[in-house]
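Me: I would like to learn how to read a single residue in its surroundings, and then how to read an interface between two chains. Could you take me through both, step by step?

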Amino acid sequence: MASSINASTSGAGGVITTADNTGILNIQSAASTVLAIASSGTTVTGTGSYSGNLSFNSGYGSTAVAYGCRAWVNFNGTGTVAIRGSGNVTSITDNGAGDYTMNFTTAMPDVNYAPAIATQRNGVNSAVWGSVKYDSTMATSNVRIATVDVSPTSTDPQGVFVAIFR
Amino acid sequence: MNQRIVYQNDEGGISIIVPADCGLTIEEIAAKDVPTGKAYNIVDISEIPTDRTFRGAWTWQ
């Protein structure tokens, strides 16, 4: 059990409080706990939204602002090109060998974001690098990625991994 | 999603949009991610070749 403060939507509505002596406090909406506070820690359930800067330590050494990944994708570039996993991405566009566009669901606030790009080699004697395509323009809605081998020739890697930080 | 969106790109080749599992329909993704004014087709994934050796020579009719 726990003490609770419930913003009720049933009956007469309003705020319903219950109390015990467990030292735990649950903040509830319509009887569902969305925030649980205890001496051992705080648990947020469901989707959270925080309009300020998010700061934490978590082994960093001090509490400092953390900057989140705003979009990411993991896809294979060989055979049937397909997305294995993604976040804030509606699609990738296969423009040709080693040439892909990552399309964001929610656009970036400007074009000064930082893409981190990695690839998976196709074999022990192959090498593939990924970069923002040299003759492309980073847009708020998408970024174009190129992958090349040592020649450098455009090459499809078996894995392409992109994370967008802003 | 076993469908793809195909359109002719400005570099003379074809571009193929691979949808993510993002909650949008293929039509909604096409409306968002196909460049404005480009004609496109929604095709089954089985119509896209898996041998990409000559990817730059692919055409769409």
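Reply: Gladly, bearing in mind that this is a predicted model. We can begin with A:Q28, which is placed in strand β3 of chain A, a strand spanning residues 25–29.

Me: Is A:Q28 buried or exposed?

Reply: A:Q28 has a relative accessible area of 16%, and because the cut-off for buried is under 20%, A:Q28 counts as buried.

Me: Which residues is A:Q28 in contact with, leaving aside its neighbours within four places in sequence?

Reply: Those residues are A:S4, A:I5, A:N6, A:A7, A:T33 and A:V34. With A:T33 there is also a polar contact, made between the two side chains at 3.2 Å.

Me: Turning to the interface, how is its size given?

Reply: The size is often given as the accessible area that is lost when the parts come together. Here about 1500 Å² is buried between chain B and chain A, with carbon and sulfur atoms giving 45% of that area, and the contact takes 21 residues from chain B and 23 residues from chain A.

Me: How many salt bridges and polar pairs lie across the interface of chain B and chain A?

Reply: The rule finds four salt bridges, including one in which the side chains of A:R144 and B:E11 meet at 2.8 Å, N to O. It also finds 14 residue pairs in polar contact across the interface.

Me: Which element gives the most to the side of chain B that touches chain A?

Reply: That element is β2(B), with six residues. Strand β10 of chain A, residues 89–96, pairs with β2(B) in the antiparallel sense over four bridges, and A:D94 stands opposite B:I16 in β2(B).

Definitions and conventions
Residues numbered from 1 in each chain as written. Chains lettered and ligands numbered in written order. Predicted model: local features only at pLDDT ≥ 70, side-chain atom pairs only at ≥ 80, totals over all residues. Heavy atoms only, no water. Helix = DSSP H or I, 4+ residues; strand = E, 2+ residues; numbered from the N terminus. Buried < 20%, exposed > 50% of the residue type's maximum accessible area, 1.4 Å probe, protein only. Polar contact = N/O pair within 3.5 Å; in protein donor to acceptor, adjacent residues only side chain to side chain. Contact = heavy atoms within 4.5 Å. Buried area = accessible area lost by both parts, 1.4 Å probe. Pairing = 2+ DSSP bridges.
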